[in-house]
Amino acid sequence: MLLNQFLLLSAVLFCIGVYGVLARKNGVLVLMSIELILNAVNINLVAFGALTADVGGEVFALFTIAVAAAEVGIGLAIVLLIYRNRRSIDLSEADLLKG
Amino acid sequence: MSFLAALSADADIVVAQNVFFAFIAIAMIYAALRVVTTSNVVHAALWLVLVLAGVAAQFILLGSEFVAVTQVLVYIGAVVVLFLFGVMLTRASLGDDESVAKEKRGMAAFVGLLLFAVMATALIDTFEDNRLVVEQPQSVSTVSDAIFSKHIVAFEAVSVLLLAALIGAIVVARKD
């Protein structure tokens, strides 16, 4: 296997995630796209860990998974709060701070 | 192109690994595209399961069993269920989501493609034909030794972060 196989796969996933974050209006779907980005990063970390035969890549992938779990919990709580206040999770309507 | 030449000239390494890699990668990319284009939120969550399972499979190909198992437990087991709860609690129209029709896709697709072009060029230039030799899987004891010796401070910080996130989520989402 080549290192680039994994890096390019992760680049594709990352770009699909960026597309999702930019295009989606629904708060839950934006959070799903962020998960795609975080998973792409994890593939990179583990691939470089395998390249250097160092366990550090895996350890940091595990930390990323833990932080992503925390992020999704808080993110969904915020989306829930937006829904409760505005009866909609359309993020383009959450523009109270717009001048 | 040297990258493709190096990939096809790999007679000495196991072909099966490459075949499985390609198979899983294509499924993952298709599922990821469905996650960001489908108009049904529940379907998007289910396509996300496929992507996450594919990532776990790639971890196994890379010889990281423990990360793969954690991926299945945390992501497919917990995060996707959390997403489905989010969909349920916000009643984000279990059928087709009306906000999808209002998406401005052109600019986002342009940014995504541009980003991919830049990254792909840089990656192919830098790591032309670096081989990845996974002789044996990384054992769980090695990983745990590293976590509980060298990275113990980061580990404790992550546990405090998880506690803070738990309390924060309750405080933010509580009704009163």
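Chain A has three helices and zero strands. The model is predicted.

**Chain A: fold and dimensions**

- Read from the N terminus, the order of elements in chain A is α-α-α.
- The radius of gyration of chain A is 17 Å, whereas a compact globule of 99 residues would have one near 13 Å.
- The C-alpha trace of chain A spans about 50 × 25 × 20 Å along its principal axes.
- Of the 99 residues in chain A, 58% are buried.
- Taking contacts in chain A between residues at least 6 apart in sequence, 45% join residues at least 24 apart.

**A:Gln5**

- A:Gln5 lies in helix 1 of chain A, which covers residues 3-23.
- A:Gln5 counts as buried because 20 other C-beta atoms lie within 10 Å, and the cut-off for buried is 20 or more.
- A:Gln5 and A:Ile43 are 38 residues apart along the chain, and their C-alpha atoms are separated by 11 Å.

**Contact between chains A and B**

- Chain B gives 77 residues to the contact and chain A gives 59 residues.
- On the side of chain B that touches chain A, the elements giving two or more residues are helix 1 (2-8), helix 2 (15-37), helix 3 (41-61), helix 4 (65-89), helix 5 (105-126), helix 6 (140-149) and helix 7 (152-173) of chain B.
- Helix 4 of chain B supplies the largest share of that side, 12 residues.
- By residue class, the side of chain B that touches chain A holds 54 nonpolar, 16 polar and seven charged residues.

How values were computed: Residues are numbered from 1 along each chain as its sequence is written. Chains are lettered from A and ligands numbered from 1 in the order in which they are written. This is a predicted model: local features need pLDDT of at least 70, side-chain atom pairs count only at pLDDT 80 or more; totals for chains, interfaces and linings use all residues. Two residues are in contact if their C-beta atoms, placed from the backbone, lie within 7 Å. Helices (H or I, at least four residues) and strands (E, at least two) are DSSP runs, numbered from the N terminus. Ala, Val, Leu, Ile, Met, Phe, Trp, Tyr, Cys and Pro count as nonpolar, Asp, Glu, Lys and Arg as charged, and the others, Gly among them, as polar. A residue is buried if 20 or more other C-beta atoms lie within 10 Å of its own, exposed if 12 or fewer, and partly exposed in between; C-beta atoms are placed from the backbone. The radius of gyration is taken over C-alpha atoms; the globule rule is 2.2 Å times the number of residues to the power 0.38.
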